[in-house]
Each structure stands twice: as C-alpha cells, then as structure tokens.
Amino acid sequence: MVRIVAGTARGRKLETPDGLDTRPTLDRVKEAMFGSLQFEVPYARVLDLFSGSGNLGLEAASRGASFVVLNDRNPACADLIRKNAKAIGLDAVVRVLNEDYLAAINLLAREGESFDIVFLDAPYQDGTAQLAAEELFKREMIRPGGTVMIEFATALEPPHGIEGLMRIRRMKHYGACSFALLEGANEP
C-alpha cells in the first residue's frame, strides 16, 4: 500500500501500477527524504521525472508545493497519476507528462521551466538518474538553491558530483535503499 504521509492529503491511499516495473518508495524512506526537504517544499516548483504511481510528486503537492510536474513514459502510469491526483484533490497543482525522460526534459526546457526540487527515482541498474541530473543541471533547469534527489540501491555505485556542475550535499542509507541530495556546484 502506498499512501500520502503528510499535508493536505495525509493518509490518503494511492493506487499503484500492476507488475514489477515500478518500485514505490517505502514510507520510511519517503519520510526521511521529505524530512531532509521539509523547509524547501512549501511553494516549491517540483519535477518527479520517473513517477510510477506519482508517490513522490503527489507527496510534495500535499505538503504545499505550488506546481508539480509528474512524468512517466508508461501511458498506464501517466493515466494512474492523473487518477490519483484527482482522487486526492491535488489535480489543480499537478501536470502529468507521458514522455521518455529526455523528451520530458527537452519539452520542459523549451517551455522555460525550472524547478526547486527534482525527484529522480529511475530504474536502479542503468545509471539513468545520474544522466538525468547532469542534463537538468547543464540546462540550468535547477533554480538557485534547488535540490535534486536521487534514489538508488545501496548495493550499487552511488550518484556522484561533477566539478563545476553539481555536488552531493547529503547521502542517506536505509537498508537496501539510499538517496542522495545534489545541488549546484556553485551553491554556498
């Protein structure tokens, strides 16, 4: 069961996609992530680039984010995100895209979008989250003071910073799951 942990939709359950293609973030990991971001979420512009059920992006909307873009390349997931957002009353602040992650980044860049918080919960094995983070920082789509959060398997190589582009602000481990907070290399 996946649920909203805090905010206006606290306790509301989210439907999740069938099958093993998605891996919802566990409540204790999600609570730790949002604990690290608690003062950044209200009024933030948020991007959840590999959304699945919309768990992370909808949690941000529930906690007061002003605008949340949720993207998933699977049409069934995108439809489910729309359904979940409407069911918990957060559809007014949510935009759902159904694109490959690079196509979504390209579209949002053309529209001049930038974000305070980005969630990258991509498939663990292929390094996609690291590539997406690099692309977002290169295109200056992360606002000054903004944060990119990458969820990854503890057993795999963690994300890394790139001199002059982005750096790791914090890393936390929760059993088999970990997350890293990245920020621009020039942040104080």
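**Reading helix packing and sheet order in a predicted model**

Guide: In this predicted model, helices α4 and α5 are roughly parallel to each other.

Visitor: How are two packed helices described?

Guide: Two packed helices are described by the angle between their axes and by the distance between those axes. Here, α4 (residues 101–110) and α5 (residues 128–138) pack at about 15°, and their axes lie 11 Å apart. Angles under 35 degrees count as roughly parallel, and α4 and α5 are therefore placed in that class. The crossing of α4 past α5 is right-handed.

Visitor: Which residues in α4 and α5 meet?

Guide: From α4, the residues are Y101, L102 and I105; from α5, they are T128, L131, A132, E135 and L136. The residues of this contact comprise 6 nonpolar, 1 polar and 1 charged.

Visitor: Is T128 buried or exposed?

Guide: The cut-off for buried is under 20% relative accessible area. T128 has a relative accessibility of 10% and so counts as buried. T128, located in helix α5, touches F50, Y101 and A122, leaving aside residues up to four places away in sequence.

Visitor: In what order do the strands of the open sheet stand?

Guide: The order is β5-β4-β3-β6-β7-β9-β8, an open sheet of 7 strands with mixed pairing. At the edges are β5 (94–97) and β8 (166–174), each of which pairs on one side only. From one strand to the next, the twist averages 15°.

Visitor: How many bridges join β3 to β4, and how many pair β3 with β6?

Guide: Strands β3 and β4 run parallel and are joined by 4 bridges. Strand β3 (residues 45–48) also pairs with β6 (residues 115–120) in the parallel sense, over 3 bridges. D48 illustrates both pairings: D48 stands opposite F119 in β6, and the bridge partner of D48 in β4 is L70.

Visitor: Which residues of β3 are buried on each side?

Guide: R45 and L47 are buried on one side, and V46 and D48 are buried on the other, such that both faces of β3 are covered.

Visitor: Which residues other than glycine have a positive phi?

Guide: Two cases may be cited. Y43 has a phi near 70°, a positive value in a residue other than glycine; Y43 lies in the loop between α1 (27–37) and β3. E140 likewise is not a glycine and has a positive phi of about 55°; its place is in the loop between α5 and β7.

Visitor: Are Y43 and E140 buried or exposed?

Guide: The cut-off for exposed is over 50% relative accessible area. Y43 has a relative accessibility of 70% and therefore counts as exposed. E140 is also exposed, with a relative accessible area of 67%.

Definitions and conventions
Residues numbered from 1 in each chain as written. Predicted model: local features only at pLDDT ≥ 70, side-chain atom pairs only at ≥ 80, totals over all residues. Heavy atoms only, no water. Axes fitted to C-alpha atoms, helices over the stretch in contact; angles between N-to-C directions. Helix = DSSP H or I, 4+ residues; strand = E, 2+ residues; numbered from the N terminus. Parallel < 35°, antiparallel > 145°, perpendicular 65-115°, else oblique. Left-handed = near helix turned anticlockwise from the far one by under 90°. Contact = heavy atoms within 4.5 Å. Nonpolar A, V, L, I, M, F, W, Y, C, P; charged D, E, K, R; others polar. Pairing = 2+ DSSP bridges. Buried < 20%, exposed > 50% of the residue type's maximum accessible area, 1.4 Å probe, protein only.
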